[in-house]
Amino acid sequence: MKLLILPDAAAAAARVVDEIRDLVDQKPEARLGLATGGTMEPVYEGLVKSDADLRRVTTFNLDEYVGLSPQHPQSYRSFMEARLFGPKGMSRKQTHLPNGDAPDPEAEADRYEAQIAEGGLDLQLLGIGANGHIGFNEPTSSLGSRTRVKTLTRRTRADNARFFDDEDAVPRFAITMGIATILDARHVILLATGTAKAEAVAAMVEGPLSAVCPASALQLHRRATIVVDTAAASSLA
Ligand code: F6R
């Protein structure tokens, strides 16, 4: 695990933008794993402003809510279209998310896993939940898990309620890449900013390898880069 502590959230996001730009410069047809969430917004803003050429990359997002159509304003597809795919002129053909309104979500999860496995991922971008989740792999998720349907915890639904009219409107299930799916990526970069993530960052980096903190599985990865600001680093020993 390589830990980079940057002075603030803007510097941390800028560092992640640089990593993505460098990869795409070297490998224009890179396969990128992407994440949504507030932490990623400055990353996508930076990428849009940068000269990174994303016309030949293929992207796979970590997760999508079950029960929301791709057009739903709170779907992760809509998030990505608004912040990155649209501004960068990326097509539907090159950008992939699980289909949240597929008639058989379990089959959709298997299809998505197989599609990722076809060429693997050169880089997987991750945020972290305050409870240590990565993707929607909540605490106690199997470290050997693959893409599947997961029930969201009350904590995660409450954390995400800010994007919906009320907590009841937050979907109860999501399709998410599994922890083993994430560990298969050739490089993983996790970005965490703000004090709300400090405990989870300490558990990920210094805690025991445990399904109680799914992000601790990154300790097993040969090339995991953890990028944090000083606030998110504040609980480290
Ligand atoms: C998003 C995802 C989640 C988020 C995490 C942090 O696709 O899979 O694991 O990365 O919940 O979210 P924010 O950045 O909103 O705190």
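Threonine 140 lies in the loop between β6 and β7. Helices (H or I, at least four residues) and strands (E, at least two) are DSSP runs, numbered from the N terminus. The model is predicted; local features need pLDDT of at least 70, side-chain atom pairs count only at pLDDT 80 or more, and totals for chains, interfaces and linings use all residues. Residues are numbered from 1 along each chain as its sequence is written.

Threonine 140 has a positive phi of about 85°, although it is not a glycine. Most residues other than glycine have a negative phi. Threonine 140 is exposed, because 10 other C-beta atoms lie within 10 Å. The classes rest on counts of other C-beta atoms within 10 Å of a residue's own, with C-beta atoms placed from the backbone: 20 or more is buried, 12 or fewer is exposed, and anything in between is partly exposed.

The loop between β6 (123-126) and β7 (148-151) also holds asparagine 131. Glutamate 138 is found in the loop between β6 and β7 too. Both residues carry an annotation. In an unreviewed entry, UniProt gives "active site" for Asp63, Asn131, His133 and Glu138. UniProt positions are given in the numbering used here, feature names are shortened, and annotations may be inferred rather than shown by experiment.

Asparagine 131 has 18 other C-beta atoms within 10 Å, so it is partly exposed. Glutamate 138 has 21 C-beta neighbours inside 10 Å and therefore counts as buried. Contact here means that the C-beta atoms of two residues, placed from the backbone, lie within 7 Å. Leaving aside neighbours within four places in sequence, asparagine 131 is in contact with Glu138, Pro139, Thr153, Arg155 and Ala200. With residues up to four places away in sequence not counted, glutamate 138 touches Asn131, His133, Lys150, Thr153 and Thr156.

The UniProt feature "domain: Glucosamine/galactosamine-6-phosphate isomerase" (unreviewed entry) is placed at residues 9-224. Over residues 9-224 the chain is 33% helix and 14% strand. The end C-alpha atoms of this stretch are 19 Å apart.

Helix α1 (residues 9-26) and helix α2 (residues 41-49) have axes that come within 9 Å and cross at roughly 55°. That angle makes α1 oblique to α2. Axes are lines fitted to C-alpha atoms, for helices over the stretch in contact, and angles run from 0 to 180 degrees between N-to-C directions. Angles under 35 degrees count as roughly parallel, over 145 as roughly antiparallel, 65 to 115 as roughly perpendicular, and the rest as oblique. The crossing of α1 and α2 is right-handed; the near helix is turned clockwise from the far one by less than a right angle. Ala9, Ala10, Ala13, Ala14, Val16, Val17 and Ile20 in α1 meet Pro42, Val43, Gly46 and Leu47 in α2. By class, this contact has 10 nonpolar, one polar and no charged residues. Ala, Val, Leu, Ile, Met, Phe, Trp, Tyr, Cys and Pro count as nonpolar, Asp, Glu, Lys and Arg as charged, and the others, Gly among them, as polar.

Glycine 38 sits in the loop between β2 (31-34) and α2. Glycine 38 is exposed, with 12 other C-beta atoms within 10 Å. The C-alpha atoms of glycine 38 and glycine 127 are separated by 8.9 Å, at 89 residues apart along the chain.

Arginine 157 is in helix α5. Arginine 157 counts as partly exposed, with 17 C-beta neighbours inside 10 Å. Not counting residues up to four places away in sequence, arginine 157 touches Leu152, Glu167 and Val170.
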